[in-house]
Amino acid sequence: MSEMTKKEIRVQPICSGTVIDHITAGQALNVLKILGITGTSWGIVSILINAPSSYGKKDVVKIEGRELVSSEVDKISLISPGATINIIRDYDVQEKNQVGIPSHVEGVVKCINPNCISNSNEPIESKFDVDTWEGKIELRCGYCERVICENIADHLL
């Protein structure tokens with residue numbers, strides 16, 4: 001292919017907002033779900049899915065005009081523990097942090113046990129201890145001790 005026929009598509013830099021980089025390949029749409037971003041969002045959102053990376057493939061989400069809150073970062077860490085959160089201000093990276101996997105989460109995951117008290121009409125929040133096992137995230141319910149280790153995104157509240 002000649003230089004004239006080769007086209008390069010680039011995602012434009014954002015003035016201010018957040019870039020979530022190194023998302024586990026295939027999880028970008030779950031990140032959007034966590035952030036409540038739909039097709040009718042007011043801001044510019046750029047998504048790269050299965051982009052080449054030095055570690056294989058990755059997803060990237062860029063959100064103009066929005067910085068994440070800690071509860072959103074905690075949820076992202078459960079589905080993509082290697083993600084990096086970059087805060088952009090005036091087109092410059094002001095902060096760059098890898099998500100930290102919390103040891104405990106409350107009110108962010110629904111227990112898979114339909115008989116768990118956290119799934120009843122009782123006024124309590126779900127509570128999970130978070131562990132990593134062979135590089136995977138494992139959630140253990142604080143009430144019934146049921147374990148979630150697959151498809152965690154499907155159980156996020």
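Q: Is Leu-29 buried or exposed?
A: Leu-29 is exposed, at a relative accessible area of 54%; exposed means over 50%, buried under 20% and partly exposed in between, with a 1.4 Å probe and protein chains only. This is a predicted model, where local features need pLDDT of at least 70, side-chain atom pairs count only at pLDDT 80 or more, and totals for chains, interfaces and linings use all residues. Residues are numbered from 1 along each chain as its sequence is written, and side-chain values use heavy atoms, leaving out hydrogens and water.

Q: Which helix holds Leu-29?
A: Helix α1, residues 28-34; helices are DSSP runs of H or I with at least four residues, strands are E runs of at least two, and numbering starts from the N terminus.

Q: Switching to Thr-84: where is that?
A: Thr-84 is in strand β4, residues 84-89. Thr-84 counts as buried because its relative accessibility is 8%.

Q: What is Thr-84 in contact with, leaving aside neighbours within four places in sequence?
A: Val-19, Ile-20, Asp-21, His-22, Lys-96, Asn-97 and Gln-98, where contact means heavy atoms within 4.5 Å.

Q: How exposed is Cys-149?
A: Partly exposed, with a relative accessible area of 40%.
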